[in-house]
Amino acid sequence: MVKEAEQITDDVAELVASAHRVAVLTGAGISAESGVPTFREAQTGLWERFSAEDLATVEAFENDPALVWTWYRWRQSLIQAVEPNPGHSALADWQAQLRARQGELSIVTQNVDDLHERAGAEVLGHLHGSIFTHRCVECAEPAELPAPQYNGFEPPSDSEQPPACLACAHGVLRPNVVWFGEMLPAEAFEDASAAIRSADLVLVVGTSGIVQPAASLPLLAMERRTPLVEVNPEPTELTEVMDYSLRGPSGTLLAQMVQASR
Ligand code: APR
């Protein structure tokens, strides 16, 4: 039976204090306090009639490449314009502390942003890729692009076409992210599975748990009876497999956890 609380409880504080190998699965919620909208929030501007699920697919890109390309380029500007928040910093501090004691805190994220890294953490795997890299739809060659010049806080009024690939001259560039229905990078998924299997505490932070296969990763901990703790202001698809569900923002709750780990 999941135990729910709005603050870190004594039980959770004890788990945190004794954990030597921690695996953390993060989702869009950890970046929400930085000002990056989650995937289930209403869109604005050119995209107000579309949900994230409508845009993050191969079909959407084929139907309207400019609409999808501009969405990603604009989100790059938004991510570059915001800062990591106390949740990202808490995980970075906790990782450094555990490493100093020959332990490990492995961060596996579904986020395509770089806010964990900018807070000073090392990320084991970006399960859904990175918004800052691009590749050709035809030859798959990676391509470097200059940073987009959008105001990340205001959606643009016009869309731009994706650039042509200079390597093969046949395809156009797409963001190097994992769209719905696409395979996850195998190495990142295997590393994530291994980290969860070898952890003595698993945290699931800021994810709705509805997108597979990432949402199945916490089940690996459940099979091994490794304590599972969720951090999310709302109940999720994963709540019922948790031992503890801490109902609040990750900035506050992860800061409490890192205190308890000292
Ligand atoms: N702290 C913690 N969690 C929060 C916060 C917060 N301050 N604010 C919101 N949340 C939670 C929401 O309650 C929700 O459960 O974050 C979760 C965000 O859910 P989603 O938007 O579904 O994000 P995520 O689970 O990461 O989505 C998975 O879907 O579109 C794809 O590839 C995309 O990686 C993404 C994947």
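## Helices, strands and the whole chain

Helices here are DSSP runs of type H or I with at least four residues, strands are E runs of at least two, and both are numbered from the N terminus. Counted that way, the chain has 10 helices and 10 strands. Keep in mind that you're looking at a predicted model.

How compact is the chain for its length? Its radius of gyration is 19 Å, close to the 18 Å that the globule rule gives for 262 residues, so the chain is as compact as a globular protein of that length.

Of the 262 residues, 51% count as buried. The chain exposes about 12300 Å², and carbon and sulfur atoms supply 50% of that area.

Take the contacts between residues at least 6 apart in sequence: 74% of them join residues at least 24 apart.

Now for one piece of the fold. Strands of a sheet pair through backbone hydrogen bonds, either parallel or antiparallel. Three strands make an open sheet in the order S6-S5-S7, and the pairing is antiparallel. Strand S6 (142–143) and strand S7 (173–177) are the edge strands, each pairing on one side only.

Strand S5 covers residues 129–136, and two bridges join it to S6. Across from Arg135 you'll find Pro142 in S6. Helix H5 (residues 65–81) packs on this sheet, where it touches S5 and S7. The direction of H5 makes about 140° with that of S5.

How values were computed
Residues numbered from 1 in each chain as written. Predicted model: local features only at pLDDT ≥ 70, side-chain atom pairs only at ≥ 80, totals over all residues. Heavy atoms only, no water. Pairing = 2+ DSSP bridges. Contact = heavy atoms within 4.5 Å. Axes fitted to C-alpha atoms, helices over the stretch in contact; angles between N-to-C directions. Rg over C-alpha atoms; globule rule 2.2 N^0.38 Å. Buried < 20%, exposed > 50% of the residue type's maximum accessible area, 1.4 Å probe, protein only. Areas by Shrake-Rupley, 256 points an atom, 1.4 Å probe, with all protein chains shown as cover.
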